[in-house]
Amino acid sequence: MRIDFVISNLGSDGAQRVVATLANYFSEKGHKIRIITFREGDRYQLNPSVERVRLHDALMIFDSNLVRAVWHLSNFYRKKSNRPDIISSHIHTMGLVTIPISRLYGIKLVVSEHNNYQATKVSLKKRILWDFLYRFSDTVTILTSFDKAFFEKRNKNVIVMPNPLSFEPNLGLEDRGDKTIVVAGNLDRFHHKGFDNLMHIVAGVVKEHGDWQFKIVGDGAKGLPILRAKAEELGVAEAIEFAGYRSDIKEILQTSEIFMLCSRYEGLPMVLMEAASQGIACIAYDCISGPSEIIQDGRSGILVNNQDVDDMVRKTNILIENRALRKELGQNAIKDVEKFSIDKIGQKWQDIFNRLVPSSFQD
């Protein structure tokens, strides 16, 4: 089967990691896989058999991302031999591009949401996409059951499709020893990721445990100076390492003691799943939606009332002071995220593709 994964770029965010993981999985199953993007930003390693199609050339006039994507993708698929059996379209606004083009050329389409519907303000683009275009997609995937009723009003084939784990579980659970609390995310999205409030959390934690450090993994040229200035203002700059983008995040998670998710909202956070798979003690705001789908409070992690800074500080200090609790939470976290393994999630995707193009996707 020929499957095209279409996404704006292949940068370092969670949706891009999902696309890379799925593309690698299906290429290993023997299918012809392409990843099509419209902007630079390749950050993930792909199997040699995955073809990269970079439709990145800027337009002479009115070069918006959506206009560029519509122009280049419609021209690319105009040639019949370029058309796949299925388009798998990722990050919701890409549906504005892929839905009309898939209908024009008769290509089966799956559009994937990567956040919950309440996460951001509903723009005109979203209204057009959700209230009009979504009825023309063959399938819409969502991350959790929280969104199911909302999207079932807009498409008759809505499927809950969790993100797949991209890491193998770390079963070696040796003593870590690094007095480090890891946080990860795009610094430019600091409000979404709660990094502005994180500075206050750092202040509360290091007041009691000055020998502990926070490591923030992720890049963002706009957000970095804002967060540095906030850290200086609160007098906690020495307690924070802004590590930038790191390709060795798996190793960082394996050697650190605590992972913290302080987002205001999420879909199904890949980084929390990845952290749990490495046996690190996880603490997260119980935001809508995602963290409670990944860890069970008190068993495989700690959930905190959303954006309650004082409670986050208090519970983080409890974790710092109790090594046995950290180890227990980490061991249970590995078990709890088994349901997100690439084999299990890959089979769910395969079932969708079988239904859409049944004759060419049988074992």
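These legends walk through several close-up views of one predicted model. Residue numbers start from 1 along each chain as its sequence is written, and side-chain values use heavy atoms, with hydrogens and water left out. Because the model is predicted, local features need pLDDT of at least 70 and side-chain atom pairs count only at pLDDT 80 or more, while totals for chains, interfaces and linings use all residues.

**View 1. Here are two ring pairs, Tyr25 with Phe26 and Trp349 with Phe353.**
A pair of aromatic rings is described by the distance of the centres and the angle of the planes. Rings of Phe, Tyr and Trp (its six-membered ring) pair if their centres lie within 6.5 Å; planes under 30 degrees apart are stacked, over 60 edge-to-face, and the rest tilted. The structure holds eleven aromatic pairs. In one of them, Tyr25 and Phe26 have ring centres 5.0 Å apart and planes at 85 degrees, so this pair is edge-to-face. Trp349 and Phe353 make a tilted pair, with 5.8 Å from centre to centre and 40 degrees between the planes. Tyr25 and Phe26 are buried (under 20% relative accessible area; exposed is over 50%, partly exposed is in between, with a 1.4 Å probe and protein chains only). Trp349 and Phe353 are both buried too. This second pair sits in helix α13 (residues 342-356), and because its two residues are four apart there, about one helical turn separates them. Helices (H or I, at least four residues) and strands (E, at least two) are DSSP runs, numbered from the N terminus.

**View 2. Rings gather in a cluster, and two arginines lie over rings.**
Look for Tyr117, Trp130, Tyr134, Phe146, Phe150 and Phe151, which ring pairs link into a cluster. A charge sits over a ring if NZ of Lys or CZ of Arg is within 6 Å of the ring centre and within 35 degrees of the ring normal. Arg154 does this with Phe150, lying over its face at 3.9 Å from the ring centre. In another such arrangement, the charged end of Arg43 is over the ring of Tyr245, 4.0 Å from the centre.

**View 3. Ser74 sits in helix α2 (residues 65-78).**
Is Ser74 buried or exposed? Ser74 has 13% relative accessibility, so it counts as buried. Its side chain makes polar contacts (N or O atoms within 3.5 Å; within protein, one must be able to donate a hydrogen and the other to accept it, and residues adjacent in sequence count only if both atoms are side-chain atoms). The side chain of Ser74 reaches the backbone oxygen of Val70 at 2.7 Å, and that of Trp71 at 3.0 Å. Leaving out residues up to four places away in sequence, Ser74 touches Ala69, Ile101 and Tyr105 (contact means heavy atoms within 4.5 Å).

**View 4. Helix α9 (residues 270-277) is mostly covered, and Gln278 lies in the loop between α9 and β12.**
Eight of the eight residues of α9 are buried. Gln278 is buried as well, since its relative accessible area is 0%. A 2.8 Å polar contact joins the side chains of Gln278 and Gln254. Not counting residues up to four places away in sequence, the residues that Gln278 touches include Phe167, Pro169, Arg176 and Lys250. Just after α9, Gly279 takes a positive phi of about 75 degrees.

**View 5. Helix α12 spans residues 323-336.**
This helix has 14 residues and reaches 20 Å from its first C-alpha to its last, close to the 20 Å expected at 1.5 Å a residue. The expected span is 1.5 Å times one less than the number of residues. At the N-terminal end, Asn322 caps α12, with a side-chain oxygen 3.3 Å from the backbone nitrogen of Ala324. Among the buried residues of α12 are Leu325, Leu329 and Ile334. What covers the buried residues includes α9, β12 (281-285) and α11 (309-320). Glu328, also in α12, has 42% relative accessibility, so it is partly exposed.

**View 6. These cysteines are not in disulfides.**
A disulfide is a pair of cysteine sulfur atoms within 2.5 Å, and a search of the whole structure finds zero. For Cys282, the nearest cysteine sulfur, in Cys262, is 13 Å away. The sulfur of Cys287 is 9.7 Å from its closest cysteine sulfur, in Cys262, which is too far for a bond. Cys282 counts as buried because its relative accessibility is 0%, and Cys287 counts as buried at 4%.
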